[in-house]
Amino acid sequence: MNPSLCPSWRLLPLLVAVVLIPCGTAAPAQMQTPRQARLSRDGVIWETKAWLVPYATELSKEAKIAGLSRIWAEGKWNFPNFADVSTIEWDSIYIASIPLVSGTQNTAEYYRELRRVVAKLNDGHSTVFLPPQLQAQLAAPPLRIDRIEGRVFITGVMSGRLTAQGIVPGMELLRVDGEPVDSYVTRTRLPFMGSNTAQHREVLHYSHELLEGPANSSVGLTLRTVDGAIMERDLPRGGYQDVVPHPRAEFRVLPGRMAYLALHSFASDSIERDVERWLPEIRASTCLVIDVRQNSGGSGVVAYNLVGQLIPDSFPLPKLASRQYIATRRAWGQAGTWWSPGLQFWPGRGAVTVPVAVLTGPRTLSAAEVFVEALRLSKRATIIGEPTGGSTGDPLAFALPGGGVAQIATSANLGAVRPDILATRTASDFLAGRDAALAAALAATCTGSN
């Protein structure tokens with residue numbers, strides 16, 4: 001995500017999606033030259049009221065095909081990673097999907113089919129968001145779930161109501177509604193969620209919304225406790241009023257004046273103010289460990305501003321490349337080209353000079369990845385942990401009939417950022433409460449080896 005092409009940005013909320021769009025407005029029509037007026041009109045055709053078809057439990061056949069067609073068209077012109085999914089033929093997928101989407105019995109089925117289509121792109125930033133009316137009907141028990149070394153564990157419980165039923169971190173999930181968890185994932189998750197790397201696909205399939213279903217329903221879990229006993233629980237999916245939200249950032253000073261800073265999201269610039277408050281303690285520390293293992297991204301502006309706290313001078317940003325389509329060249333039989341703004345820099349402030357390590361993992365995604373990559377390019381930090389999710393994206397969001405939103409990646413991916421020191425999470429470490437990556441970071445960063 002490279003926002004430096006424009007001096008300021010604004011947030012555009014689109015239902016559950018939040019995207020960054022460049023600032024600037026066109027000159028009034030009476031001030032435009034004929035060429036400017038033509039280009040201004042060209043801009044208007046991309047987003048029109050024709051797509052604002054209101055929600056209904058059953059959309060018309062024409063609206064369904066129109067929504068599928070828009071996904072196909074935006075993907076064909078904008079998706080940058082077709083070389084990475086060379087086994088798919090996008091036009092054939094579109095044609096084969098027309099009878100499937102037009103034959104759906106209701107809007108919920110329709111959006112399920114749209115998700116199946118977009119999942120074939122295997123891209124972490126290309127997806128379909130449900131209309132609010134459909135999303136409001138779904139819920140999942142507030143649990144954090146991770147697959148570690150082929151086993152599926154509950155790694156976080158965010159409700160006392162669940163704790164009272166004996167649900168605690170460390171339990172292994174064996175079955176969902178009587179079905180082995182891997183089989184359940186293969187049937188209900190794999191066809192509808194794709195990403196760029198195997199490690200992030202595993203996160204999507206086993207973690208996000210794994211137990212989601214109708215909010216007024218329950219889900220049956222077969223669990224193995226830490227001491228090996230088998231336990232059955234039937235958990236309501238919705239109705240939890242005591243959910244403890246995951247903090248956006250955490251800070252503490254470890255023994256030996258070692259500073260630990262967890263940045264769980266870059267979705268709001270409020271995290272910059274959090275970090276500003278902690279700067280005096282960070283500067284007084286012997287080292288700084290920044291944990292972005294649970295950070296799925298947000299704003300590139302926020303990410304780069306935080307990198308700037310660690311670097312005194314301007315620093316290079318990760319490279320950006322996007323497809324460039326010129327109609328006349330296509331008429332001449334020439335292939336499309338790539339556009340790139342070239343090497344870009346972001347101003348540094350250098351408020352922190354202590355040695356730095358960054359902890360990464362497969363949940364580290366999007367703006368969190370460019371945060372890590374910017375530090376890597378500047379040789380400012382040692383990267384420790386596991387490879388990142390490998391999806392940076394710059395997604396383009398657009399409306400679908402019925403009130404949903406789709407987004408398609410527009411920037412070629414950096415690929416997963418690989419750590420300088422590999423520290424893989426193991427089931428035995430998790431069950432014993434050990435954090436091998438944090439231990440490696442403290443050893444590498446705070447003993448003078450950074």
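This is a short tour of one predicted protein model, stop by stop.

**Before you start**

Residues are numbered from 1 along each chain as its sequence is written. The model is predicted, so local features need pLDDT of at least 70 and side-chain atom pairs count only at pLDDT 80 or more, while totals for chains, interfaces and linings use all residues; side-chain values use heavy atoms, with hydrogens and water left out.

**Stop 1: colour by confidence**

Colour the chain by pLDDT (the predictor's confidence in each residue, from 0 to 100). The chain averages 89, and 89% of the residues score at least 70. Now select residues 2-29. Here the pLDDT is below 50. Beyond near neighbours in sequence, this stretch has 59 contacts in the model (contact means heavy atoms within 4.5 Å). Where pLDDT is low, the predicted coordinates should not be read in detail.

**Stop 2: a salt bridge inside a helix**

A salt bridge is a side-chain nitrogen of Lys or Arg within 4 Å of a carboxyl oxygen of Asp or Glu. The whole structure has 19 of them. Select Arg116 and Glu113. They form a salt bridge, with the closest N and O atoms 3.3 Å apart. Both lie in helix α4 (residues 107-119), three residues apart, about one turn of the helix. Helices are DSSP runs (H or I, at least four residues), as are strands (E, at least two), numbered from the N terminus.

Which of the two is buried? Check the relative accessible area: buried is under 20%, exposed is over 50%, and partly exposed is in between (1.4 Å probe, protein chains only). Glu113 is buried, because its value is 14%. Arg116 has 28%, so it counts as partly exposed.

**Stop 3: a link across the chain**

Select Asp435 and Arg293. Their side chains meet in a salt bridge (2.8 Å, N to O). The pair links distant parts of the chain, 142 residues apart. Asp435 sits in the loop between α13 (427-432) and α14 (436-445), and Arg293 in the loop between β14 and α10. Next, select Asp146, Arg363 and Arg425. Salt bridges that share partners join these three into one network.

**Stop 4: Ser296**

Ser296 lies in the loop between β14 (287-291) and α10 (300-308). What does Ser296 contact, leaving aside neighbours within four places in sequence? The partners are His264, Arg363, Leu365 and Ser366. Ser296 has 47% relative accessibility, so it counts as partly exposed.
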